[in-house]
Amino acid sequence: MGNPFDLSGRAAIVTGANTGLGQALAVALAQAGADIVAVGRSAMDETQGLVAAAGRRCHAIKADLSTIAPVSAIVEETLATFGRLDILVNNAGIIRRADAVDFTEEDWDAVIDTNLKSVFFLCQAAGCHMLAQGAGKIINIASMLSFQGGIRVPSYTASKSGVAGLTRLLANEWAGRGVNVNAIAPGYFATNNTAALQADETRNRAILERIPAGRWGQPADLGGAAVFLASRASDYVHGHILAVDGGWLAR
Ligand code: NAD
């Protein structure tokens, strides 16, 4: 049967792969053997270099996922480039911070559109292909705020709680048809997304004191979870939200 974590010959779409967690996820999947379609708003040069260094192919697609306009073209271009689509990682996401009483409709819509609406329609577009082939792995990037309320991030909490619910719904519909839909909930990771928290001395100290592992996560800490959920090793895992959080939720 070989190595159950081997992704050789598979093709994976990773959104928001130019930086942070998305780049680390793309590199981890490539190191396990997958070719990568790196989707995002910005240049993918660095990610392409890292995937090439892992010995795999990386095709970049420029797309703005604040609307669902590019969604079907992303799946079509993946199939045209690699002739297959086995794995989708919905990682692209944004966050807006303000007190709930001051929160604007613009900050609500921007986050929900990118973090939830585009995620669902990418699942749908990739899922149609995967259901037709009777196999596929979808990994959505959730958050601690899929479990907790958070503070000053109402649209982000709503979007990530929504991602957890959507992951379970899709698992219910597709588990019996060979498609695994799961999520990874990263704890506090040192990326652009959390730069404001890392820079705020008080919040930074409070966060570190609460993490049993005693440190911020590094993007590479997510790789093992992604490879597991993308591989044959997780064939009987459906609708699970896998926390990779240094123990945050255990506290
Ligand atoms: P980041 O800001 O470094 O990366 C976000 C990525 O999403 C970037 O590649 C960005 O270009 C892309 N993106 C944003 N809007 C886009 C759009 N409209 N179209 C295309 N791409 C777009 O942040 P990160 O920490 O690497 O975040 C990655 C994911 O992980 C996000 O979904 C985030 O919510 C989630 N997350 C992060 C943490 C953390 O601690 N860093 C914790 C929990 C969840």
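Helices are DSSP runs of H or I with at least four residues, numbered from the N terminus. Axes are lines fitted to C-alpha atoms, for helices over the stretch in contact, and angles run from 0 to 180 degrees between N-to-C directions.

The model is predicted: local features need pLDDT of at least 70 and side-chain atom pairs count only at pLDDT 80 or more, whereas totals for chains, interfaces and linings use all residues. Residues are numbered from 1 along each chain as its sequence is written, and side-chain values use heavy atoms, with hydrogens and water left out.

**Exercise 1.** Describe how α1 and α2 cross.

*Solution.*
Step 1. The axes of helix α1 (residues 20-31) and helix α2 (residues 45-53) come within 9 Å and cross at roughly 20°.
Step 2. Angles under 35 degrees count as roughly parallel; α1 and α2 are therefore roughly parallel to each other.
Step 3. The crossing of these two helices, α1 and α2, is right-handed; this term applies if the near helix is turned clockwise from the far one by less than a right angle.
Step 4. Contact means heavy atoms within 4.5 Å. Gln 23, Ala 26, Val 27 and Ala 30 of α1 meet Glu 46, Thr 47, Leu 50 and Val 51 of α2.
Step 5. By class, the contact of α1 with α2 has 5 nonpolar, 2 polar and 1 charged residues. Here Ala, Val, Leu, Ile, Met, Phe, Trp, Tyr, Cys and Pro count as nonpolar, Asp, Glu, Lys and Arg as charged, and the others, Gly among them, as polar.

**Exercise 2.** Carry out the analysis for α4 and α5.

*Solution.*
Step 1. Helix α4 (residues 105-133) and helix α5 (residues 154-174) have axes that come within 8 Å and cross at roughly 15°.
Step 2. α4 and α5 are therefore roughly parallel to each other.
Step 3. α4 passes α5 in a right-handed crossing.
Step 4. The contact of α4 with α5 divides into 15 nonpolar, 6 polar and 2 charged residues.

**Exercise 3.** Identify the closest residues around the ligand and the polar side-chain atoms facing its oxygen atoms.

*Solution.*
Step 1. The ligand is surrounded by 28 residues, each with a heavy atom within 4 Å of it. The closest are Asn 18, Leu 65, Asn 91, Tyr 156 and Thr 191.
Step 2. An N or O atom in the side chain of Asn 18 is 2.5 Å from an oxygen atom of the ligand.
Step 3. For Tyr 156, a polar side-chain atom lies 2.6 Å from a ligand oxygen atom; for Asn 192, the distance is 3.4 Å.
Step 4. Tyr 156 is also among the α5 residues that meet α4.

How values were computed: Angles under 35 degrees count as roughly parallel, over 145 as roughly antiparallel, 65 to 115 as roughly perpendicular and the rest as oblique. A polar contact is a pair of N or O atoms within 3.5 Å; within protein, one must be able to donate a hydrogen and the other to accept it, and residues adjacent in sequence count only if both atoms are side-chain atoms.
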